[in-house]
Amino acid sequence: MKWLDLDKKLQKSGFKVFSSREFQAITGVSAVAAKFILMRYTKNGLLLRLKRDLYLAMNRPPSPWFIANQLLTDLRISRWKPPCPTMD
């Protein structure tokens, strides 16, 4: 799949950050083909791999806040507090 065709499909879908499964749905390719297409365009610098199975197109990067929100979806807030230093 050529980059121009792929870029048009990604732009039309509205996804700014996408997983390989979303990429498959957008392009209609198999899982194996999607893996190799994502690897090829990541290596060429047209896509950026944010983390395992999360990509974005370099020609239309979203805001840093949007990227951070996508990266930290599994963030958990803990009630643990560090121990207070004792006064000697």
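This is a predicted model: local features need pLDDT of at least 70, side-chain atom pairs count only at pLDDT 80 or more; totals for chains, interfaces and linings use all residues.
Residues are numbered from 1 along each chain as its sequence is written, and side-chain values use heavy atoms, with hydrogens and water left out.

Let's begin with the overall layout. The protein has four helices and three strands, where helices (H or I, at least four residues) and strands (E, at least two) are DSSP runs, numbered from the N terminus. Along the sequence, the pattern reads α-β-α-α-β-β-α. Of the 88 residues, 25% count as buried; buried means under 20% relative accessible area, exposed over 50%, and partly exposed in between, with a 1.4 Å probe and protein chains only.

Now, which strands lie at the edges of the sheet? The three strands form an open, antiparallel sheet in the order β1-β3-β2, and its edge strands are β1 and β2, each pairing on one side only. Two strands pair here if DSSP finds at least two bridges between them. Strand β2, residues 47-51, pairs with β3 over four bridges in the antiparallel sense. Leu48, for instance, has Leu56 in β3 as its bridge partner. β2 and β3 make a hairpin with two residues between them, and Asp53 in that turn has a positive phi of about 65°.

Next, helix α1, which covers residues 3-13. Its buried residues are Trp3, Leu6, Asp7 and Leu10. Why do they share a side of α1? They cover an arc of only 100° around the axis, and that puts them on the same side of the helix; the arc is that of the directions from the helix axis to the C-beta atoms. The face turned away from this buried side carries the exposed residues Leu4, Lys8 and Lys12. The buried residues of α1 pack against β1, α2 (20-27), α3 (31-43), β2 and β3. After α1 comes Gly14, with a positive phi near 90°.

On to the rings. There are three aromatic pairs in the structure. Rings of Phe, Tyr and Trp (its six-membered ring) pair if their centres lie within 6.5 Å; planes under 30 degrees apart count as stacked, over 60 as edge-to-face and the rest as tilted. Phe18 and Tyr55 are a stacked pair, 6.4 Å centre to centre with 25° between the planes. This pair links distant parts of the chain, 37 residues apart: Phe18 is in strand β1 (residues 17-18) and Tyr55 in strand β3 (residues 54-57). Both Phe18 and Tyr55 are buried. Ring pairs also join Phe18, Phe23 and Tyr55 into a cluster.

Last stop: a charge over a ring. The charged end of Arg40 sits over the ring of Tyr41, 5.0 Å from its centre. That label applies if NZ of Lys or CZ of Arg is within 6 Å of the ring centre and within 35 degrees of the ring normal.

Technical notes: Contact means heavy atoms within 4.5 Å.
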